[in-house]
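Subject: Structure handover

Hi,

Here is the structure I promised to pass on to you. Please open it in your viewer and keep it beside you while you read my notes below.

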Amino acid sequence: MDPLCFPLVVLCLFRLWTVTYAIDCGEGQFEGQERCCDMCPPGQYVKDFCTKDQQTVCSPCEEGYFSSQYSLFDRCDVCQLCQQNYTQKCTPTTDAVCSCQPGFLCSNSLCSHCQEDKDSVGGTPKVSPTQTANKQGNASDLVSVILSISFLLLSVVLLLLLATSCLRKLRRLSRDTNATADNLAITAKTADFQLSQEESGLSLIIQDVSKDNEYVVQFNLDKV
């Protein structure tokens with residue numbers, strides 16, 4: 001036998017066994033604890049869960065509670081409360097249906113709360129808690145934006161002041177450097193001028209000495 005055929009045969013036999021011996025539960029039941037356990041019908045909730053020795057125990061929903069479908073919940077849902085009118089009262093199997101009086105509009109999808117219709121009444125509609133929370137959130141966002149812009153402007157102003165101060169210091173340093181350079185140039189020119197005068201005086205003295213020597217030599221020659 002091909003080695004690959006053996007696992008396929010085992011899988012087919014297992015599938016055939018599960019189909020043959022599987023528990024076939026009816027509507028409103030589920031397979032659990034090796035038996036078909038009942039689900040609680042609408043208007044009831046699970047009081048005791050299904051076990052091997054006991055079927056599911058259900059109990060009717062109390063007043064103010066309902067269950068609209070088969071379930072395994074251990075409690076019923078709370079009936080909706082209407083602010084103004086009840087189009088349909090709450091029953092053990094159905095929830096209440098709400099509506100608003102003339103001149104009012106539903107403030108949510110369930111119409112459990114109503115607000116005045118300013119178009120028909122001429123007044124200002126009541127603000128729901130959701131609208132109040134939204135307004136508070138918008139105000140908080142606006143404050144955050146204002147603070148962010150203020151911080152940005154303050155940062156720009158500080159940078160401008162710092163840049164202006166640095167430019168002033170650089171200009172002052174440049175002027176001081178130029179003044180020092182000018183003073184050094186003037187001092188150098190003065191020293192050169194004094195040196196030139198000294199050199200000129202020395203040259204005149206040398207010329208006078210040379211003339212005197214020539215005169216003495218000429219005088220001695222005349223005597224001879």
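What follows is a short tour, from the annotated domains to the disulfides and a surface patch.

First, the ground rules. This is a predicted model, in which local features need pLDDT of at least 70 and side-chain atom pairs count only at pLDDT 80 or more, while totals for chains, interfaces and linings use all residues. Residues are numbered from 1 along each chain as its sequence is written, and side-chain values use heavy atoms, with hydrogens and water left out.

Domains

In an unreviewed entry, UniProt lists "domain: TNFR-Cys" for residues 24-58 and 60-98. UniProt positions are given here in the numbering of the model, with feature names shortened, and such annotations may be inferred rather than shown by experiment. The span 24-58 is 43% strand and 0% helix, and its end C-alpha atoms lie 22 Å apart. For residues 60-98, the figures are 28% strand and 0% helix, with 24 Å between the end C-alpha atoms. Helices (H or I, at least four residues) and strands (E, at least two) are DSSP runs, numbered from the N terminus.

The hairpin

Strand 1 (residues 29-32) pairs with strand 2 (residues 35-38) in the antiparallel sense, over 4 bridges; two strands pair if DSSP finds at least two bridges between them. The two strands form a hairpin with 2 residues between them, and Q33 in the turn has a positive phi of about 55°. F30 stands opposite C37 in strand 2, and C37 leads us to the next topic.

Disulfides

A disulfide here is a pair of cysteine sulfur atoms within 2.5 Å, and by this rule the count comes to 8 disulfides. Three of them are described below. I call a residue buried under 20% relative accessible area, exposed over 50%, and partly exposed in between (1.4 Å probe, protein chains only).

- C37 is joined to C50, with S to S at 2.1 Å. C37 lies in strand 2 and C50 in the loop between strand 3 (44-48) and strand 4 (57-60), so this pair ties together parts that are 13 residues apart in sequence. The S-S torsion is about -65°, so the disulfide is left-handed. C37 is buried at 1%, and C50 is buried at 10%.
- C40 is joined to C58, also with an S to S distance of 2.1 Å. C40 sits in the loop between strand 2 and strand 3 and C58 in strand 4, so parts 18 residues apart in sequence are tied together. With a torsion of about -95° about the S-S bond, this disulfide is left-handed. C40 is buried at 0%, whereas C58 is partly exposed at 26%.
- C82 and C98 have their sulfur atoms 1.7 Å apart. C82 lies in the loop between strand 6 (77-78) and strand 7 (85-88) and C98 in strand 8 (residues 97-99), so the pair links parts 16 residues apart in sequence. The torsion is about -80°, so this disulfide is left-handed. C82 is buried at 12%, and C98 is buried at 8%.

The surface patch

L154, V157, L158 and L161 make a nonpolar surface patch of about 380 Å². L161 is found in helix 3 (residues 129-223) and counts as exposed at 54% relative accessibility. Patches are made of residues with over 30% relative accessible area and no salt bridge, joining like charges within 9 Å and nonpolar side chains (Val, Leu, Ile, Met, Phe, Trp, Tyr) within 5 Å. A salt bridge is a side-chain nitrogen of Lys or Arg within 4 Å of a carboxyl oxygen of Asp or Glu. Accessible areas come from the Shrake-Rupley method with a 1.4 Å probe; for residues, only the protein chains shown count as cover.

Best wishes
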